[in-house]
Amino acid sequence: MTASTATRTTGPLTVDATGPADVRAAILTARERGLPLTVQATGHGTVVPPDEGLLLKTSRMGGVLVDPSRRVARAGAGARWSDVIAAAAPLGLAPLSGSHASVGVTGYTLGGGVGWLSRRFGFAADHLLRARIVTADGRYLTADADHDADLFWALRGGSGNFGVVTSLEFRLHPVSAVYAGVALFPAERAAGVLTRFRDESGTRPDALSVSVALTHHADHGRVVAVRGVYAGSAEDGARALRSLREAGGPPSRTTSGRCRTPRPSRWAARHPTISTFMPICLTR
């Protein structure tokens, strides 16, 4: 365990935990000295520690193990989805990750976890199998459906209010290919795109997730961005997205294509414009 003062002279004491014992020591120290305790896994969120207190960081607890026979992964409290993807993708498995590989596994899962595969498989929290935590009084607990079931229920969507998580176990899914991409349309076509998006919202297949955003593009100005991920073949994905794409007319630009599970770094390097889109996918 390492400890250092924050950049501000009046800032919190920072503890970089490397294992459950460090987490327990930090919790008990804060409790004994009456210090406010803030926990930060990867720092993706907007948690602001108090000026006077203790900031417990678990970003160094980032190991990932995958059991392909059970389709289960175990991730340390500081693991990011990129770590899980790198371990699971070569085995033809995918986690229910967020829209960017840099998001932390723990905070995302404890908050519910809605991603591009959620319409087909559900929330990430739905597939949590086990959580190892340290409680406010320094006890080590393993919560699952058969042990501390009430705590396990609360952790699946209740965020980080019930102890400090040191690792999670969760299901992986046999997703080896998706059809995904982004189509940009001039902002003048927004009415047609949004109307079609609304009218078809109740009839889309569960394998298809779509979002529509009105945004500004550096090359195209004000645009309507249609983003879609289909968990299945390119042919079925193109068919599922055809109506929405036709509503916008010829796209200004499209990056859709058939995808497979690669290393996240290859995805980001080849497709920087959609690196936040589907981190387990690589257009061929």
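The lining of the second largest cavity consists of four nonpolar residues, two polar ones and one charged one; Asp, Glu, Lys and Arg count as charged, Ala, Val, Leu, Ile, Met, Phe, Trp, Tyr, Cys and Pro as nonpolar, and the others, Gly among them, as polar. The model is predicted, with local features requiring pLDDT of at least 70 and side-chain atom pairs pLDDT 80 or more, while totals for chains, interfaces and linings use all residues. Residues are numbered from 1 along each chain as its sequence is written, and side-chain values use heavy atoms, without hydrogens or water.

This second largest cavity has a volume of about 40 Å³ (the space filled by probe spheres on grid points joined across faces, edges and corners). Its lining is formed by Trp 81, Leu 96, Thr 109, Ala 124, His 127, Phe 170 and Arg 171. Across the whole structure, two cavities of 30 Å³ or more are found. On a 1 Å grid over the protein atoms alone, a cavity holds points where a 1.4 Å probe fits but cannot get out, whereas a pocket is an open set with protein on both sides within 12 Å along at least five of seven lines; lining residues have an atom within 4 Å of a point.

Five strands form an open, antiparallel sheet in the order E5-E6-E9-E7-E8.

| Strand | Residues |
|---|---|
| E5 | residues 64–67 |
| E6 | residues 72–76 |
| E7 | residues 128–134 |
| E8 | residues 140–143 |

E5 and E8 are the edge strands, each pairing on one side only (pairing requires at least two DSSP bridges). E7 and E8 run antiparallel and are joined by four bridges, with Ile 133 opposite Leu 141 in E8.

Terms used
Helix = DSSP H or I, 4+ residues; strand = E, 2+ residues; numbered from the N terminus. Contact = heavy atoms within 4.5 Å. Axes fitted to C-alpha atoms, helices over the stretch in contact; angles between N-to-C directions.
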